[in-house]
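I opened the model and kept short notes on what I looked up. The sequence and structure come next.

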Amino acid sequence: MALLYITRKEHFNAAHQLWDSNLTEEENFEMFGKCANPNFHGHNFDLFVCVKGEPDKNTGLVMDLKILKKIIREQVTDELDHQNMNLDVSWLKGQMPSIENISIAIWKRIVPYLPVGVKLHKITLWETQNNFVEFFGEGL
């Protein structure tokens with residue numbers, strides 16, 4: 001049977017600050033630029049969640065996209081939308097909220113809720129028009 005990949009796009013707005021307490025203020029601004037703003041800064045994030053599996057013989061679906069939408073919203077976007085990721089999101093506490101770390105955390109939040117036979121293939125998180133990260137779960 002064929003292995004297919006399906007993707008769901010969601011959107012959220014959130015604020016964060018990139019700041020390493022082991023660095024001086026000058027070093028932080030040199031490393032992170034405007035992203036080190038002490039008053040935080042925000043982005044309009046686009047999240048793409050790609051899963052893979054074989055289509056069901058009866059329905060022809062790899063997964064009901066309504067279920068994937070529900071998982072993403074309940075486990076990720078409802079918790080991130082219009083939040084400060086440094087201060088308000090319990091599952092990001094204690095880590096630098098870079099798009100890289102956010103992507104890894106999103107992966108960990110989604111995997112336990114996927115139906116049997118469906119695997120998470122890739123998380124793509126767009127932070128700006130020009131900057132995005134792709135994570136395939138490698139190293140977990």
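**Notes on one glutamate and the sheet**

I began with a side chain: that of glutamate 10 makes a polar contact with the side chain of arginine 73, at 3.0 Å. A polar contact is a pair of N or O atoms within 3.5 Å; within protein, one must be able to donate a hydrogen and the other to accept it, and residues adjacent in sequence count only if both atoms are side-chain atoms.

I noted that this is a predicted model, where local features need pLDDT of at least 70, side-chain atom pairs count only at pLDDT 80 or more, and totals for chains, interfaces and linings use all residues. Residues are numbered from 1 along each chain as its sequence is written, and side-chain values use heavy atoms, with hydrogens and water left out.

Is glutamate 10 buried or exposed? I found it buried, at a relative accessible area of 6% (buried means under 20%, exposed over 50%, partly exposed in between, with a 1.4 Å probe and protein chains only).

I placed glutamate 10 in strand E1, residues 4-16. Strands (E, at least two residues) and helices (H or I, at least four) are DSSP runs, numbered from the N terminus.

I then followed the sheet: five strands form an open one, in the order E3-E1-E2-E4-E5, with mixed pairing. Two strands pair if DSSP finds at least two bridges between them. Strands E3 (83-84) and E5 (132-135) stand at the edges with a single partner strand each, so one side of each has no neighbour in the sheet.

Last, I checked E4 (residues 119-126): four bridges join it to E5, and the two run antiparallel. The bridge partner of isoleucine 123 in E5 is phenylalanine 135.
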